[in-house]
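Please keep the sequence and the model in view while reading.

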Amino acid sequence: MTSSAAFTPIQIGPLKLRNRFIKSATNEGMAKGGVPSKALVEHHRSMAAGGAAMTTVAYCSVSPDGRTFEDQVSLDVPSLPHLRALTDAVHREGGAACAQITHGGAFTFLPKLSSGSPFSASGGFNAAGVLSGRFLKTAMTRADMDRIAAEFVAGARMAKEAGFDAVEIHMGHGYLLSQFISPRYNRRRDEYGGNAAQRTRYPAEILKRVLDAVGRELAVTCKICVTEGYKGGAGAAEAVEVAKVLEREGANLLVLSGGMNVEAPWAIFGSNMPAAAVESVQSPIIKIATRMMRLWEPKLTFHEMYFLEHSRQVRAAVSMPLAYLGGAKSLAGVQQAMQDGFDCVVMGRALIHDPQLVNKFASGAVTVSGCTACNECVSQMYTPGGTRCVLTQQANPELNRIPGAA
């Protein structure tokens, strides 16, 4: 296929997308106290107006304890009218809206948890909790697993009520379901531990329950890691087994990502976080954690399509729809993904830099994004203005003044 294929429609489960471009879930920092803001609505409206077929609202928590930070979207009744405003705005621009439904598990920095210590696949030392004083995590029991699975179902139903067209079940980057899939986190000796297929059993159960609940009305997708990005972490061979399980369970699309929040956050972005960006972070916990990580992170030079080799191995192993994610920023990169058999291309930083990029690609106005992969936008998530490109943030000063508005 040529890059022109990226501008053709595609059917993802019950959802037809107008083209193959999807805005990835990138934590926006625009939901003070868990309630979506006007800035969040505008952020996603602009992605649809710019030509993306679907825009993904990041980290929609399925329960209060499932948040990593307090200012993340909660799929609850108070958020419903604001989420409906968001999906309505996206639909008016001809796009589709996806809610990324998530539980953080042991990766949480909330000041209070109803459970005391956070849940994970296995108990023991909690590296993510060192700075927040939660040094231990608790292995989930069968009752815990059923309860949280029900929360995912309730969250998916809430997303449907809010007008979303799809849900993305987050199974990557070190959040709860990734903690089951990852060999570093999952040391269970029951049927939910062992090889990659067995470690995927619980995430697959949640996928099945969500499909049963909303699969006729919403596209149900999953985000997984094709590589965890550190020595000893799971790689493409294990991602293949994960994908096979999720394909058998009926996922409509897999979004192929990589990297882990604690062990290898740099791998998520394919480049390092600049020191100046670290110092601009206002959250003391995140600033200290990022400073510490910089002590052992490898020196990376960004190159486009940095997950391509890993993702190709998954593409060769399954026939289901797959979305490539990882440094796509040019028409040539999009064409490469299409030629390699990927059904969609998921973009984050390039669309934050210029929400009109897809339209500009389509018209021929540009062939390469102006995004420099500086990662300054990542650190902006922890500032009052929320996630935005530092190169272009002056283009809409009014938006920068209302990040917390409801």
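Helices (H or I, at least four residues) and strands (E, at least two) are DSSP runs, numbered from the N terminus. The model is predicted: local features need pLDDT of at least 70, side-chain atom pairs count only at pLDDT 80 or more, and totals for chains, interfaces and linings use all residues. Residues are numbered from 1 along each chain as its sequence is written, and side-chain values use heavy atoms, with hydrogens and water left out.

In general, strands of a sheet pair through backbone hydrogen bonds, either parallel or antiparallel.

How many of the 5 residues of β11 are buried? Here buried means under 20% relative accessible area, exposed means over 50%, and partly exposed lies in between (1.4 Å probe, protein chains only). In β11, 5 of the 5 residues are buried, so the strand is largely enclosed by the rest of the structure. In a regular strand the side chains alternate between the two faces of the sheet. Both faces of β11 are covered, with Leu 253, Val 255 and Ser 257 buried on one side and Leu 254 and Leu 256 buried on the other.

Helix α7 (residues 236-249) forms a right-handed β-α-β unit with β10 and β11. A crossover is right-handed if, with the strands pointing away from the viewer, the path from the first strand over the helix to the second runs clockwise.

Helix α7 also meets helix α11 (residues 308-317): their axes come within 9 Å and cross at roughly 40°. Axes are lines fitted to C-alpha atoms, for helices over the stretch in contact, and angles run from 0 to 180 degrees between N-to-C directions. The contact (heavy atoms within 4.5 Å) involves Ala 236, Ala 237, Ala 239, Val 240, Ala 243 and Lys 244 of α7, together with His 310, Gln 313, Val 314 and Ala 317 of α11. By class, the contact of α7 with α11 has 7 nonpolar, 2 polar and 1 charged residues. Ala, Val, Leu, Ile, Met, Phe, Trp, Tyr, Cys and Pro count as nonpolar, Asp, Glu, Lys and Arg as charged, and the others, Gly among them, as polar.

The contact of α3 with α6 has 12 nonpolar, no polar and 7 charged residues.

Two backbone features remain to be considered. Most residues other than glycine have a negative phi, and most peptide bonds are trans. Tyr 59, although not a glycine, has a positive phi of about 40°. This tyrosine, Tyr 59, lies in strand β4 (residues 54-61) and is buried, with a relative accessible area of 1%. Ala 373 likewise has a positive phi, of about 55°, and is not a glycine. Ala 373 is placed in the loop between α14 (357-363) and α15 (376-380) and counts as buried at 8% relative accessibility.
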